[in-house]
Amino acid sequence: MFKLPQEVKEDSKKYGVSLKEFLDGKVNDARFKGVRVPWGIYSHRGGKIFMTRIRVPAGQINAGSLKALAGVCAKYSDKVAHITTRQDIQLHNVKIEDTIKVIDELSKDDLSPRGGGGNTIRNILACPYAGICPDEVFDVGAHSVALTEYLLRQDTSFTLPRKLKFSFSGCRKDCAGVLVNDLGFLAEIKDSKFGFRVFVGGGMGAHPKIGKLLEEFIPEQDLGYIAQAVKNVFYKNGDRRNKHRNRLRFLIEDIGMNKLVELYKQELAQLKENEHIVLRKITDVNKDEAKGGIPQNEDSDYKQFVKYNLFSQKQEGYSVVSLRIPRGNITSDELLALADLGNDFSQIEFRTNSNQGISICWVKNSDVYNLFLKLKDKFKNFLYSNSLLNVVACKGALTCNLGLCNSPALAEAIEEMIEKDFIDKKLFKKLEIKLNGCPNACGHHPIGKIALHGMVKRVDNRPVPFYKLLLGGRKEVEKTHLAEEVGLIPARNVVKFLSEFLKKAEENIDEGSDIYEFITQKAKTIAKEILENYSYVPAYSENRDFYIDWGRDSDFSLAGLGTGECGAGVLDMIEADLSLAKIALAQAESKDYGLDNLKIALFNSARSLLVVKGAEPKSDVEALKDFKEKFINASIASDEYRDIDEIYQGLNDKLSLDERREKFAYIKKFFEHVSQIYKDMDSTFNFPKRAASDTIQAQDAPSKILDLKGTPCPINYVKAKLVLEDLNSGDILEVLLDEGAPIENVPRSLRDDGHEVLSMDKQGEFYKVRVKKK
Amino acid sequence: MNLNEQQIDRYSRQIILPHVGGKGQDKILNAKVLVVGTGGLGAPSALYLAAAGIGTIGLVDCDKVELNNLQRQIIHTTPDVGMLKTDSGKKRIAALNPDVNVITHNLRLTSKNILEVIKDYDIVIDGTDNFPTRFLINDACVMSKKFLIHAGIFRFDGQIMTIAPKEGPCYRCLFPEPPPPGAVPSCQEGGILGAVAGILGVLQANEALKLVLGIGEPLIGKLLIFDALSSSFRTVKVPRDKDCSVCSDHPTITELIDYEQFCSIDKNK
């Protein structure tokens with residue numbers, strides 16, 4: 001099982017500090033967004049409440065963790081969790097002040113939203129039945145979990161140019177879609193050794209692409225090297241500035257696959273020479289021996305359960321029970337009920353899957369009927385997992401900033417229609433529907449056999465909710481195919497259209513036929529014919545229904561639609577500051593060079609780049625000091641701005657208009673200087689150094705010696721503080737202090753002020769203390 | 001400016017503070033603050049400012065010390081009764097801190113003299129007890145872009161707000177016009193608990209020191225209200241009045257006004 005790395009636990013304290021500063025009004029929304037989003041915390045539509053996306057590596061979660069999650073879900077969210085197509089579990093309607101409690105409480109059970117969003121290593125997928133599937137080559141779950149642990153330890157995993165998605169499939173059925181992830185590992189055996197075929201550059205989203213072969217075969221012990229090498233290539237070369245075109249697949253498009261392979265090989269060679277990457281070996285827990293078959297019973301639901309929800313494990317005597325969780329939405333009570341099954345069936349484990357369902361593994365065959373009874377008692381719609389009824393749907397426009405249509409409500413209407421007319425039909429197990437509220441692919445529409453994504457068309461001068469129909473998507477290693485566009489349907493007509501289309505499909509397939517034959521050869525023509533009857537949108541006055549989305553009472557509108565937060569990160573924080581500075585400069589220029597605007601411009605210019613250096617100044621004074629230390633002393637910024645803090649302090653209302661104009665010119669120049677440094681920053685956050693200049697000084701010689709022998713506390717400290725004020729950052733002060741209270745107190749106080757105490761040497765009855773100014 | 005040994009000792013407890021240090025103390029020693037009225041508010045305010053080392057303190061008052069003043073105006077002492085308040089204040093400050101240069105303005109502020117009086121100061125502390133002067137000071141500070149720290153006290157209540165002209169609301173944004181004469185009882189009629197005056201006066205000094213040091217969040221756009229009986233503070237946000245007759249972009253008051261004096265500050269002369 002996954003163990004949450006200590007580094008993530010430590011990092012959560014920093015999140016807590018940032019959150020507190022945000023709540024205290026010390027940090028603005030744009031900057032805090034750059035902190036919370038890589039923690040998998042996104043704002044809901046409207047920006048007042050939040051979603052927290054908990055990563056579940058390989059979809060594997062045990063009863064204890066599930067119970068903790070149920071508790072947190074009940075305590076801090078709207079009590080309905082959402083299972084995503086990436087095997088994460090989302091909590092919704094979380095108050096921002098509670099996000100730290102969610103993080104802290106879950107981390108005890110090795111769950112975390114770290115990397116659940118933003119430009120990070122996202123949840124690493126694996127087949128939901130890894131380790132138990134009769135078809136698998138070997139268990140890839142352990143690799144997925146170990147790689148997650150390894151990558152979550154690295155800070156750079158959370159400051160990538162854009163998100164990076166990995167997946168592991170255990171066989172050629174390819175449950176985890178190795179060609180529609182940035183990096184996909186397919187289990188293979190070569191010369192009786194375990195290893196992987198590796199694919200790179202796939203992905204869904206609004207601009208999906210199928211991955212390309214990177215390695216024919218890598219032995220399993222090389223897994224960490226390969227993942228690290230690809231990550232490093234992306235980290236160093238990915239375009240951080242163009243958020244809409246900066247996934248790994250676009251980098252490959254820009255530089256070409258050959259160049260990417262070259263960079264990858266170089267990186268890999270270096271890693272092999274310099275690093276020793278060994279992933280944690282995760283061993284299976286031994287399970288009891290089980291024997292016997294599945295109990296029989298005449299209960300009709302039980303019969304359907306056995307037919308649609310039950311699969312044999314590769315281990316004799318064990319079954320896995322797959323539950324349909326409609327639209328992935330599961331209440332905290334239901335989560336708790338699942339976790340509590342662990343009391344009665346002691347060995348069970350849980351898996352989330354990309355159909356937004358949950359499976360219960362390690363169920364002894366002899367327990368299946370008893371388990372069924374317990375499920376029936378607690379769950380309503382768990383039958384028919386992996387069937388046409390299991391419509392996959394994203395969260396849609398009610399909560400998502402990017403959402404156009406209310407996809408879950410449409411999914412529910414589709415399910416009603418299917419439940420009424422299509423259960424047990426020939427197509428029931430062969431077809432699937434994937435639904436998305438917008439062109440982004442949280443609902444995985446690019447690989448749906450039948451897929452729809454939301455859009456908007458203007459009719460009668462009003463926005464009308466529409467869906468684009470796509471057919472023929474498939475994820476199956478080299479046979480992976482992206483669904484192709486067929487036509488547009490007004491949202492109101494989708495259910496009627498699908499009903500008619502499915503009836504025709506049923507007529508056109510045989511029990512034993514390959515569904516893809518139908519999908520690729522006949523389905524498009526049939527769909528287009530039916531579409532003709534359903535594409536018309538009547539005028540508003542004629543039929544208002546078309547102007548109202550599923551599950552809504554009022555006219556369709558795009559109110560609340562916003563930009564996605566998913567790419568928010570370090571660069572957004574920098575740009576937010578620079579834009580504040582720019583606005584302040586423009587205002588200053590138009591309004592008498594007002595002091596406030598000058599201060600805002602100077603402060604924000606100085607602060608903007610500090611985030612890259614890990615500095616989070618708490619005040620304007622601190623920001624200017626940090627800038628001096630980290631940019632001017634480090635020879636990144638020009639020495640001519642050495643006195644920015646004095647300029648800042650000097651911005652008072654005694655200044656005449658002419659003097660303020662002069663300051664304005666200085667600040668504007670400084671702003672442009674910082675902007676240039678930002679432009680020159682390379683994709684790994686490094687800055688070109690300025691030519692070495694007089695800033696390099698003798699390392700050891702103190703700039704000043706202060707003899708405080710005989711000076712009592714606290715006057716000795718006051719004097720040291722006064723002298724330090726006049727030194728430059730990095731200068732060294734040598735202080736002579738008496739033993740006793742002075743040596744006990746003064747160095748501590750200086751440290752509290754942020755200075756570095758380099759050494760304390762006893763010299764007879766006094767001490768020589770060397771202090772480096774902060 | 002270099003602090004001498006005595007100054008380092010005298011101000012050591014505030015130099016130690018983060019964000020003060022020697023540079024902060026320098027700012028304090030170079031600051032010029034005008035205290036209008038050496039009464040219930042002005043007395044404690046001026047004493048704390050002097051103690052902190054504010055370099056130049058101006059005192060405005062035209063009254064003489066009376067015995068009934070001593071219940072709250074702690075800058076004056078019993079032997080001072082009958083003396084000009086400004087002189088009494090200067091004497092006391094000189095005894096407290098010789099670093100402070102005290103300038104006495106033994107006069108009543110009017111539309112004619114106020115601009116000349118305030119022009120050399122960075123910050124004005126309003127310790128007056130009547131509305132005509134209060135409005136006059138507000139208007140003059142807005143017109144000459146001076147920080148003004150307003151406070152008012154009545155019986156067991158007090159209020160304070162810092163006015164940064166054009167940046168935050170001014171007193172007229174809060175109260176566009178003075179109340180008609182006689183509508184509001186004066187201290188003489190209403191009474192005042194001395195400690196309430198002390199609390200508000202010290203808060204004014206605190207605001208002034210924050211402005212001088214450039215630290216914290218001054219009460220700009222925020223009216224802090226104190227209730228002595230429940231010992232509670234609350235803060236009320238005060239927006240700028242975009243149509244304010246004096247501080248808006250299209251002011252209707254462009255010349256200073258002497259409202260009728262209704263608080264009988266001259267009665268006992």
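In this predicted model, four bridges join strand E1 to strand E4 (residues 123–126) of chain B, and the two strands run parallel. Because the model is predicted, local features need pLDDT of at least 70 and side-chain atom pairs count only at pLDDT 80 or more, whereas totals for chains, interfaces and linings use all residues. Residues are numbered from 1 along each chain as its sequence is written, and chains are lettered from A, with ligands numbered from 1, in the order in which they are written. Helices (H or I, at least four residues) and strands (E, at least two) are DSSP runs numbered from the N terminus, and two strands pair if DSSP finds at least two bridges between them.

- A right-handed β-α-β unit is made by E1(B), helix H4 (residues 42–52) of chain B and E2(B); right-handed means that, with the strands pointing away from the viewer, the path from the first strand over the helix to the second runs clockwise.
- Strand E1 (residues 32–36) of chain B is mostly covered, with four of its five residues buried, where a residue is buried if 20 or more other C-beta atoms, placed from the backbone, lie within 10 Å of its own, exposed if 12 or fewer, and partly exposed in between.

**An open sheet in chain A**

- Five strands of chain A form an open sheet in the order E6-E7-E8-E9-E10, with mixed pairing, and its edge strands, E6 (125–126) and E10 (212–219), each pair on one side only.
- E6(A) is joined by two bridges to strand E7 (residues 166–169) of chain A, the two running parallel, and A:Leu125 stands opposite A:Ser167 in E7(A).

**The surroundings of A:Arg607**

- A:Arg607, in helix H17 (residues 595–608) of chain A, counts as buried because it has 26 C-beta neighbours inside 10 Å.
- Leaving aside residues up to four places away in sequence, A:Arg607 touches A:Asp577, A:Pro617 and A:Ala623, contact meaning that the C-beta atoms, placed from the backbone, lie within 7 Å.
- A:Leu578 is 29 residues from A:Arg607 in sequence and 8.9 Å away in space, C-alpha to C-alpha.

**The contact between chains A and B**

- Twelve residues from chain A and 13 residues from chain B make up the contact, and helix H21 (residues 715–725) of chain A gives the largest share of the chain A side, seven residues.

Definitions and conventions. Contact = placed C-beta atoms within 7 Å.
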